[in-house]
Protein chains: 4
Amino acid sequence: MLGNTYGRLFRVTACGESYGDALMVIVDGVPAGLSICDADIQKELDLRRPGQSPIDSPRMETDQVKIVAGLLEGKTTGAPIGMVIYNVDRHDIHVQQYKDVKDLIRPGHAEYTFFVKYGEFADWCGAGRASGRETCMRVAAGALAKIILQSEGIEVVGYTKSCMGIEAKPMSFDEIKAKKHSNMIICPDEEAGEKMIQKVLEIKDEGETAGGIVEIIARGVPAGLGEPVFDKLSACIAHGLMSIGAVKGLEFGAGFEVGCMKGSECNDIPYLDENGKVRFKTNKAGGFLGGISTGEDLVMRIAVKPTPTVSVDQMTVDMEAREEKMLGAITRRDPTLLARLIPVAESMVAMTILDHLMMWRGYDSVQKFEHKW
Amino acid sequence: MLGNTYGRLFRVTACGESYGDALMVIVDGVPAGLSICDADIQKELDLRRPGQSPIDSPRMETDQVKIVAGLLEGKTTGAPIGMVIYNVDRHDIHVQQYKDVKDLIRPGHAEYTFFVKYGEFADWCGAGRASGRETCMRVAAGALAKIILQSEGIEVVGYTKSCMGIEAKPMSFDEIKAKKHSNMIICPDEEAGEKMIQKVLEIKDEGETAGGIVEIIARGVPAGLGEPVFDKLSACIAHGLMSIGAVKGLEFGAGFEVGCMKGSECNDIPYLDENGKVRFKTNKAGGFLGGISTGEDLVMRIAVKPTPTVSVDQMTVDMEAREEKMLGAITRRDPTLLARLIPVAESMVAMTILDHLMMWRGYDSVQKFEHKW
Amino acid sequence: MLGNTYGRLFRVTACGESYGDALMVIVDGVPAGLSICDADIQKELDLRRPGQSPIDSPRMETDQVKIVAGLLEGKTTGAPIGMVIYNVDRHDIHVQQYKDVKDLIRPGHAEYTFFVKYGEFADWCGAGRASGRETCMRVAAGALAKIILQSEGIEVVGYTKSCMGIEAKPMSFDEIKAKKHSNMIICPDEEAGEKMIQKVLEIKDEGETAGGIVEIIARGVPAGLGEPVFDKLSACIAHGLMSIGAVKGLEFGAGFEVGCMKGSECNDIPYLDENGKVRFKTNKAGGFLGGISTGEDLVMRIAVKPTPTVSVDQMTVDMEAREEKMLGAITRRDPTLLARLIPVAESMVAMTILDHLMMWRGYDSVQKFEHKW
Amino acid sequence: MLGNTYGRLFRVTACGESYGDALMVIVDGVPAGLSICDADIQKELDLRRPGQSPIDSPRMETDQVKIVAGLLEGKTTGAPIGMVIYNVDRHDIHVQQYKDVKDLIRPGHAEYTFFVKYGEFADWCGAGRASGRETCMRVAAGALAKIILQSEGIEVVGYTKSCMGIEAKPMSFDEIKAKKHSNMIICPDEEAGEKMIQKVLEIKDEGETAGGIVEIIARGVPAGLGEPVFDKLSACIAHGLMSIGAVKGLEFGAGFEVGCMKGSECNDIPYLDENGKVRFKTNKAGGFLGGISTGEDLVMRIAVKPTPTVSVDQMTVDMEAREEKMLGAITRRDPTLLARLIPVAESMVAMTILDHLMMWRGYDSVQKFEHKW
């Protein structure tokens with residue numbers, strides 16, 4: 001409703017700021033009897049954690065998660081899962097750095113709009129709630145969603161599709177899965193990945209940051225998922241993905257290319273596979289028809305902007321002094337957001353799919369007929 | 001929640017199928033004291049109505065709307081507005097045409113997934129609830145939202161940006177508004193529009209249909225609109241726009257181009273205008289920072305696929321007979337969806353903005369301090 | 001959210017005023033494949049319809065319902081069900097009567113608060129949306145809920161428990177069901193019912209109206225229904241029942257008597273029945289423990305105030321003239337609301353149970369273990 | 001949605017079990033610029049804390065709350081407030097006590113239904129999430145709501161109205177407020193309070209527990225609050241109050257007495273006070289007409305059952321062994337829940353009022369007319 005809750009039956013509520021005491025998340029709708037422990041969540045968080053490579057932020061947060069509610073003897077009880085991460089790398093020197101420039105608009109940053117929204121009380125410390133730091137808790141909740149989806153045979157895999165125009169070659173789902181962690185930019189095409197990393201390092205040396213495109217594929221999603229009209233699965237996934245700070249565009253399947261297609265070029269032709277199951281010869285629809293899953297892979301791409309923090313002087317406005325000023329170089333930054341954003345994007349997709357699965361089964365449960373198809 | 005309701009404080013719930021008796025919509029959250037009449041709604045519906053030009057469907061629905069609840073002596077009372085449109089062009093011959101092919105999957109159509117979802121009970125008549133016919137009621141509700149937004153100084157304007165690769169030239173907001181109705185494809189660039197129409201007519205003659213891109217601009221949106229984290233204004237608009245059947249991609253501002261940009265290329269530089277107001281020198285962010293409005297124009301583009309109904313034979317599957325079959329040419333169809341989709345897209349954007357305006361003012365109302373910026 | 005939607009997965013949205021053109025309801029979450037027709041809904045509506053006995057209102061509304069969306073060939077398709085009832089008994093003479101006193105507060109009526117809320121634009125005609133007339137659509141939606149619950153073995157039965165202090169004797173669920181329609185006050189205890197009717201007719205002759213208590217019993221509700229903490233089944237039923245205009249109190253099981261009980265007097269003792277199923281020797285809990293169903297009958301009682309419209313002069317305030325004035329006798333009124341309110345109360349209980357059933361099954365569906373108890 | 005979130009614009013999500021690591025709450029919708037600190041919340045929590053008098057539980061939880069998110073330099077930033085309380089009094093001996101009887105149904109306890117709902121994975125330790133321990137976080141969130149309401153001139157005051165049939169005499173709002181803390185049972189009528197305490201201590205000596213009735217009054221609530229039809233303020237307050245574990249009945253104003261009243265006995269007569277404001281001569285409506293506030297005090301009473309834990313042997317069922325068994329006396333218990341439940345009930349009322357205030361102002365904010373009344 002308000003901004004800090006996501007989902008209906010699988011329902012995630014989070015809080016916490018960049019330089020606050022802690023981040024918390026409460027996940028409601030987790031079924032009883034699931035074996036989980038801190039390490040299951042930590043594993044996913046470690047993929048998003050900063051300070052791990054020369055192309056991400058040097059901020060040294062350990063992102064140590066602790067499950068404090070919803071478990072008994074290592075199993076979920078049906079009660080909501082509560083998790084907490086305490087912020088550790090927030091020394092006075094960092095706070096002071098932010099305080100020094102607190103009236104200056106940092107170009108491209110989310111916090112400007114928070115200043116307008118909340119006035120003089122907005123959090124000026126490292127972007128507060130507008131910081132990408134909040135995405136920790138998306139990943140923690142997403143880890144739970146992924147574990148549950150796994151038991152339903154559903155996998156969600158994201159990777160860097162392109163960076164600064166360097167594109168990964170087309171690869172099969174299995175190859176992508178197997179090789180995505182071959183490099184620090186999470187690109188399964190090793191050659192392209194190597195080039196991307198070189199490009200990012202070059203750009204980093206200029207004090208700059210790099211944009212790119214992430215592709216997310218969900219395999220094993222049963223056909224029929226999604227609600228008609230306003231709550232199409234595609235629309236809800238769009239909501240989830242576009243809620244990630246740096247995302248400026250989104251496509252399903254053929255995406256923007258449909259704008260140049262004729263009807264019969266765009267339509268995917270159905271056929272019967274060897275098991276008599278309806279499949280489609282192509283997947284230009286990206287796995288959605290009318291916003292509802294077709295049983296083919298869900299294929300989504302998002303455009304990720306370069307980190308707005310740059311080590312380059314930028315003119316800006318001092319909101320308190322009401323004058324234009326120079327904002328000097330800022331050093332703690334992610335040269336590119338791509339690698340760290342991937343688990344966040346996967347999490348949003350996983351949570352949305354799970355939520356829809358629960359909704360569908362919910363009202364479908366009172367249906368007595370047998371599905372024929 | 002389920003698929004047929006949209007919004008939180010400005011809350012739209014709709015029903016009705018392609019060939020059912022009627023379409024209905026209930027709009028909750030409309031303030032009291034607003035002067036409206038059927039004609040105010042009809043005006044917008046007429047922009048979406050079929051049968052008006054050689055590039056849209058020949059189905060002769062008059063889409064005559066009647067407000068049946070929420071008004072007293074021409075003014076809203078604060079009660080929910082109820083509107084109804086009876087379907088008129090649904091003759092036995094059309095129903096029979098659909099019945100004849102009811103077990104055949106129509107490639108590219110939404111109804112396949114409904115068949116999977118609802119089994120043998122799914123509506124086979126003209127795609128039922130999955131038909132674009134439901135968008136009538138989005139436009140009816142959107143008309144209300146636009147009227148209310150107008151009193152807040154907010155305008156939402158959509159137009160055809162490109163069709164089959166033919167692009168409208170960049171134009172100012174005022175020009176777009178003034179000239180968008182110069183032609184039947186709703187393109188304010190008259191020259192480009194003419195070419196687009198020729199292209200669509202050619203394609204129509206082949207029995208085919210055409211895709212394109214629609215741009216929507218919202219002007220006058222105050223800075224600070226949108227909720228942090230999951231319910232960013234941008235995320236909610238993405239939800240609304242991607243819930244329109246034929247939309248396969250979405251961008252804000254520079255959109256997918258950010259994937260090739262460096263940080264300082266992507267950042268919009270703030271300045272103080274002659275009135276001392278913070279403005280931005282460029283609008284690559286499309287009017288959103290951290291998903292919250294910056295006060296600049298909101299700029300959104302959506303990729304619209306070609307109508308899946310084509311007058312060309314297509315192989316498909318007979319779900320009942322479990323065999324592959326040829327689906328013959330279908331004649332009643334929209335050569336392109338672009339013109340008719342524009343008021344639908346505007347409606348989704350308008351409803352989302354209004355909903356956020358109400359939410360923000362709602363919790364903001366208990367804040368006692370004066371905003372400085 | 002706003003006031004005109006109820007439920008989450010089984011989701012009812014309504015509109016329409018006392019003297020507007022029509023009442024509409026949209027019911028989302030209805031499963032596909034259900035055989036229903038107008039008559040199934042009409043049957044329930046006829047139980048609430050006015051003008052049927054000397055103890056209800058003489059207003060001659062036929063309440064003829066028409067399903068206009070969500071059906072194909074007599075079966076639900078999974079699309080939302082749309083229903084409409086046109087108001088027929090609204091002649092100029094009635095409108096004029098209301099117009100004449102439109103600035104006078106009618107004591108005990110809901111519309112006063114609407115005047116405060118919506119100012120001069122509030123609907124003054126027969127209480128507008130605040131009129132009991134809206135309950136038509138609760139009954140129409142409730143009829144659907146009951147049909148679905150029936151297929152799950154769940155029944156909801158309400159009856160008049162007491163009127164002006166005259167109490168029905170304790171009776172078994174089956175007797176109540178069998179005999180509740182023996183008289184016009186819907187009291188299965190024929191003797192007590194006869195006395196209640198005599199009392200109401202006496203009171204009617206004085207120009208007055210009568211209060212009473214309605215009991216609703218839901219049988220067949222499986223144990224385990226209801227969500228922990230805020231969305232207990234009991235809390236949600238309380239929400240639904242207290243949303244009916246004239247209801248001023250609510251009890252479950254022993255209700256207010258628990259205020260004089262000791263722990264062991266209040267606790268229901270569990271035992272194993274002949275089938276080895278856990279049952280309780282008493283049902284002072286009214287079928288709820290921790291707000292979740294125990295498998296015993298849900299037993300609820302609501303206090304229904306006398307109709308505020310009386311044929312007796314009452315002092316009041318003219319809001320426009322800002323002076324105290326006499327409000328004369330009003331003749332069109334229900335001598336008691338009890339009989340007509342019963343199907344409304346049953347509907348709220350049925351919708352709430354169904355909604356919870358769908359929610360529970362929704363998230364429970366991903367649980368792989370077998371329930372042992 | 002699911003059970004652990006409450007409210008729409010002022011939105012509270014909680015987690016945590018009786019013997020889990022911690023309880024957490026996230027409060028969304030808190031405006032920026034509010035000065036709060038841990039002590040402001042602690043003050044309210046201390047009123048609910050156990051171990052403070054001979055008539056409450058001896059469990060020694062300190063309920064030390066820490067605000068870990070949403071604050072910067074002592075002021076709210078508009079970000080959600082996160083609070084955490086670690087459980088401290090959970091020694092192995094207690095856990096073992098619960099483990100020993102984990103298959104026995106404890107009569108009158110909420111956890112039975114959790115066992116049915118969640119099967120063998122349900123939390124058997126001190127009732128888990130079904131324990132009254134969760135109400136800590138209602139009080140923490142309620143403390144925030146009260147602070148905000150205070151700035152709007154709204155106060156919510158609860159007290160023990162009766163216990164085991166001993167009634168407090170009628171008193172003015174100001175007297176109640178001034179004297180409610182004169183004794184440990186929170187009864188402003190000192191004489192009656194003394195008798196109640198004696199009665200509870202007697203009952204305690206028998207190994208038993210005592211029921212009672214709590215009255216809550218909200219003063220200063222503006223007229224016009226509440227949404228029509230399903231989301232009446234009264235219905236939402238009913239939802240909130242009935243969601244508290246031990247509550248079995250609820251009345252507004254005259255409550256169940258309306259069942260014996262005639263129309264003109266029940267109606268409250270409006271008049272103009274010395275300032276020309278509409279007031280009512282009586283308040284049998286309890287401050288609600290049509291479920292919307294009238295501007296008079298909101299007056300609510302709830303029936304609180306005796307603690308189900310008793311030091312008396314009770315027959316019960318062993319769910320694992322499938323046989324009837326004796327459950328021995330349990331010693332750690334609240335002799336009565338009344339005193340500790342009062343801040344919980346106040347919190348639910350405060351949160352509901354605040355939520356409605358925000359909703360109303362939200363959509364009302366786009367209304368341009370001036371309210372006349």
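In this predicted model, D:L298, D:M300, D:I302 and D:V304 point one way from strand β16 of chain D, while D:V299, D:R301 and D:A303 point the other way, and all of them are buried. In a regular strand, the side chains alternate between the two faces of the sheet. Since 7 of the 7 residues of β16(D), which spans residues 298–304, are buried, this strand is largely enclosed by the rest of the structure.

**Strands paired with β16 in chain D**

- Strand β10 of chain D, covering residues 212–219, pairs with β16(D) in the antiparallel sense, and the pairing extends over 7 bridges.
- Within β16(D), the residue that stands opposite D:I217 is D:V299, which is among the buried residues named above.
- Strand β11 of chain D, made up of residues 247–252, also runs antiparallel to β16(D), to which it is joined by 5 bridges.
- The bridge partner of D:G249 in β16(D) is D:A303, a buried residue that points the same way from the strand as D:V299 and D:R301.

**Where chains A and B meet**

- Contact between these two chains involves 100 residues of chain A and 100 residues of chain B.
- Strand β11 of chain A and strand β11 of chain B, each written as residues 247–252, pair with one another in the antiparallel sense over 3 bridges.

How values were computed: Residues are numbered from 1 along each chain as its sequence is written. Chains are lettered from A and ligands numbered from 1 in the order in which they are written. This is a predicted model: local features need pLDDT of at least 70, side-chain atom pairs count only at pLDDT 80 or more; totals for chains, interfaces and linings use all residues. A residue is buried if 20 or more other C-beta atoms lie within 10 Å of its own, exposed if 12 or fewer, and partly exposed in between; C-beta atoms are placed from the backbone. Helices (H or I, at least four residues) and strands (E, at least two) are DSSP runs, numbered from the N terminus. Two strands pair if DSSP finds at least two bridges between them. Two residues are in contact if their C-beta atoms, placed from the backbone, lie within 7 Å.
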